[in-house]
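Please look over the sequence and the structure first.

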Amino acid sequence: MGAYKFCTELRERGNLETTLISYNAGPAVAGSWQEGSRTTLPRETSSYIRKFQGVYQAYTRTYGMGWTGQGTDFATAFQEQKKQNLENFLDSFFGIFIGKK
């Protein structure tokens, strides 16, 4: 799954954790987790989510939350910047695994 597909699935699912589960353990596991019929995740998936969160936190500490939405209200600008930061991060993150960067 590339960054584009990941972002598309994230928009469809509306939940980063469930999207990460789907990426790592498959859509069936993610679906049962989201429905609540599954209460535990494979160890590898739990580890993957923790690693992702740590890398993302490091990314946001390094690059911050600059504002791109001049002329728009604060909440809209914040949401757009968060979305852009996540998309930039995902592109970098998945690029590492597929040898792009």
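The sections below treat the overall fold, the helix pairs, the salt bridge and selected residues.

## Basis of the description

The model is a predicted one, in which local features need pLDDT of at least 70 and side-chain atom pairs count only at pLDDT 80 or more, while totals for chains, interfaces and linings use all residues. Residues are numbered from 1 along each chain as its sequence is written, and side-chain values use heavy atoms, with hydrogens and water left out.

## Overall fold

The chain contains five helices and zero strands; helices (H or I, at least four residues) and strands (E, at least two) are DSSP runs, numbered from the N terminus. Along the sequence the pattern reads α-α-α-α-α. The chain has 101 residues, of which 32% count as buried. Here buried means under 20% relative accessible area, exposed means over 50%, and partly exposed lies in between (1.4 Å probe, protein chains only). Among contacts between residues at least 6 apart in sequence, 41% join residues at least 24 apart, where contact means heavy atoms within 4.5 Å.

Two packed helices are described by the angle between their axes and the distance between the axes. Axes are lines fitted to C-alpha atoms, for helices over the stretch in contact, and angles run from 0 to 180 degrees between N-to-C directions.

| Helix pair | Axes come within | Crossing angle |
|---|---|---|
| α2 and α4 | 10 Å | roughly 130 degrees |
| α2 and α3 | 7 Å | roughly 150 degrees |

Helix α2 spans residues 16–25 and helix α4 spans residues 43–63. Angles under 35 degrees count as roughly parallel, over 145 as roughly antiparallel, 65 to 115 as roughly perpendicular and the rest as oblique. The crossing of α2 and α4 is right-handed; a crossing is right-handed if the near helix is turned clockwise from the far one by less than a right angle, and left-handed if anticlockwise. On the α2 side the contact involves L16, E17, L20, I21, Y23, N24 and A25, which meet E44, T45, Y48, I49 and F52 of α4. By class, this contact of α2 with α4 has eight nonpolar, two polar and two charged residues. In this classification Ala, Val, Leu, Ile, Met, Phe, Trp, Tyr, Cys and Pro count as nonpolar, Asp, Glu, Lys and Arg as charged, and the others, Gly among them, as polar.

For the other pair, the crossing at roughly 150 degrees leaves α2 and α3 roughly antiparallel to each other. The crossing of α2 and α3 is also right-handed. E17, T18, I21, S22 and A25 of α2 make the contact with P27, V29, A30, W33 and Q34 of α3. By class, the contact of α2 with α3 has six nonpolar, three polar and one charged residues.

Helix α3 covers residues 27–35, and V29, A30, G31 and S32 within α3 are buried. The buried residues of α3 pack against α1 and α2. After α3 comes G36, whose phi is positive, near 95 degrees.

The structure holds one salt bridge, defined as a side-chain nitrogen of Lys or Arg within 4 Å of a carboxyl oxygen of Asp or Glu. The side chains of E9 and R13 form this bridge, at 2.7 Å from N to O. Both residues belong to helix α1 (residues 3–13) and lie four residues apart, about one turn of the helix. An α-helix has 3.6 residues a turn, so residues three or four places apart point the same way. E9 counts as buried because its relative accessibility is 11%, whereas R13, at 22%, is partly exposed.

## Selected residues

T19 lies in helix α2 and counts as buried, at 0% relative accessibility. Leaving aside neighbours within four places in sequence, T19 is in contact with F6, E9, L10 and R13. T18 is likewise placed in α2 and is buried, with a relative accessible area of 2%. With neighbours within four places in sequence again left aside, T18 is in contact with R13, A30, W33 and Q34.

Y4 of helix α1 counts as exposed, at 68% relative accessibility. Y4 and L90 are 86 residues apart in sequence and 8.7 Å apart in space, C-alpha to C-alpha. Y59, in helix α4, counts as buried at 16% relative accessibility. The C-alpha atoms of Y59 and F89 are separated by 7.2 Å, and these two residues are 30 apart along the chain.
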